Amino acid sequence: MGCLVLGTVLRTKYNEKRRCTTNAQKKRLRELIDKAVEKSESFDVAFAARRTLPPKAGDSFSFNLGEGAMYPFWVLISQHPDDSEIWYLVPDDGFSTSPVGSSDVEVPETDLCGPAVIRANCGLWAKLESINAKGQRSSFIPDEYINQVRKVLACLAKGVKPKNIKPEQEECDYDPDYEDLIDEINVARTALDKMLNG
């Protein structure tokens with residue numbers, strides 16, 4: 001009987017606390033919900049228009065890499081200089097809490113397509129025909145972030161540090177959790193490479 005009384009008291013306290021939510025808190029919550037709905041609707045309009053065009057840099061494709069597979073979203077970055085039907089893709093980690101290393105480009109939550117972290121150093125080449133056949137165009141990343149990824153890739157190709165990285169990004173490169181994350185992404189990359197390139 002004591003547990004029942006205690007449960008009733010706790011439930012009553014919880015309900016009282018819920019009722020104490022101020023009008024300011026309710027108003028703020030409503031504003032956040034309205035903002036999220038507006039962002040979603042704006043994205044839907046922009047994406048619907050983009051889907052009518054042929055795939056281009058910034059288009060994000062989702063792939064079914066199997067049960068429990070991480071990183072199903074991959075972004076087209078650039079065409080191969082010798083064959084325009086071959087594209088370089090990199091993973092699009094759509095989590096705002098993901099660590100950001102020195103070769104990553106962050107798309108902030110305030111952006112229409114954010115939040116996302118684009119992992120420039122984890123890409124692969126594949127034919128557009130295979131990408132279209134085995135993936136589904138599911139989102140897009142704005143040009144300004146695709147250009148940042150290209151700059152990071154150019155630095156990596158030259159063996160130099162990407163410009164304008166924050167100290168915390170450089171520190172992140174040596175964090176064991178970040179290293180584990182990159183290992184997971186590389187497993188997904190291997191699976192995607194096998195799917196797209198045989």
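Residues are numbered from 1 along each chain as its sequence is written, and side-chain values use heavy atoms, with hydrogens and water left out. Because the model is predicted, local features require pLDDT of at least 70 and side-chain atom pairs count only at pLDDT 80 or more, whereas totals for chains, interfaces and linings use all residues.

The mean pLDDT (the predictor's confidence in each residue, from 0 to 100) is 81 for the chain, with 75% of its residues at 70 or more. Confidence is highest in strand E6 (residues 124–127), at a mean of 96, and lowest in helix H1 (residues 2–19), at 50.

The secondary structure consists of six helices and seven strands. These elements are DSSP runs numbered from the N terminus, with helices (H or I) of at least four residues and strands (E) of at least two. Along the sequence, their order is α-α-β-β-β-β-β-β-α-β-α-α-α. Among contacts in the chain with a separation of 6 or more, 67% are between residues 24 or more positions apart.

Of the 198 residues of the chain, 35% are buried. The largest nonpolar core contains 37 residues, of which Phe63, Trp74, Ile77, Leu89, Ile118, Ile131 and Ile141 touch the most other members. Helix H6 (residues 176–197) makes the greatest contribution to this core, with seven residues. Such a core is a set of buried Ala, Val, Leu, Ile, Met, Phe, Trp, Tyr and Cys residues joined through side-chain atoms within 4.5 Å. In soluble globular proteins, nonpolar side chains tend to be buried together.

Helix H4 (residues 143–158) comprises 16 residues and should span 22 Å at 1.5 Å a residue; the 23 Å between its end C-alpha atoms agrees with this value. The expected span is 1.5 Å times one less than the number of residues. Within H4, Tyr145, Ile146, Val149, Val152, Leu153 and Cys155 are buried. The cover over the buried residues of H4 includes strands E2 (73–80), E3 (83–93), E4 (104–107) and E5 (116–119). Just after H4, Gly159 adopts a positive phi of about 75°.

Cys122 has a relative accessible area of 0% and is therefore buried; Cys172, at 10% relative accessibility, also counts as buried. No disulfides (pairs of cysteine sulfur atoms within 2.5 Å) are found in the whole structure.

Four salt bridges are present, each defined by a side-chain nitrogen of Lys or Arg within 4 Å of a carboxyl oxygen of Asp or Glu. Asp93, Asp104 and Arg119 are linked in a network of such bridges. Arg119 pairs with Asp93 at 2.7 Å (N to O); this pair connects distant parts of the chain, with Arg119 in strand E5 and Asp93 in strand E3, 26 residues apart. Both Arg119 and Asp93 are buried. Arg119 also bridges to Asp104, with the closest N and O atoms 2.6 Å apart. Since Asp104 lies in strand E4 and Arg119 in strand E5, this pair ties together parts that are 15 residues apart in sequence. Asp104 is buried, as is Arg119. Another salt bridge joins Lys161 and Glu170 at 2.4 Å (N to O). In this pair, Lys161 is exposed at 56% relative accessibility, while Glu170 is partly exposed at 29%.

Notes. Buried means under 20% relative accessible area, exposed over 50%, partly exposed in between (1.4 Å probe, protein chains only). Contact means heavy atoms within 4.5 Å.
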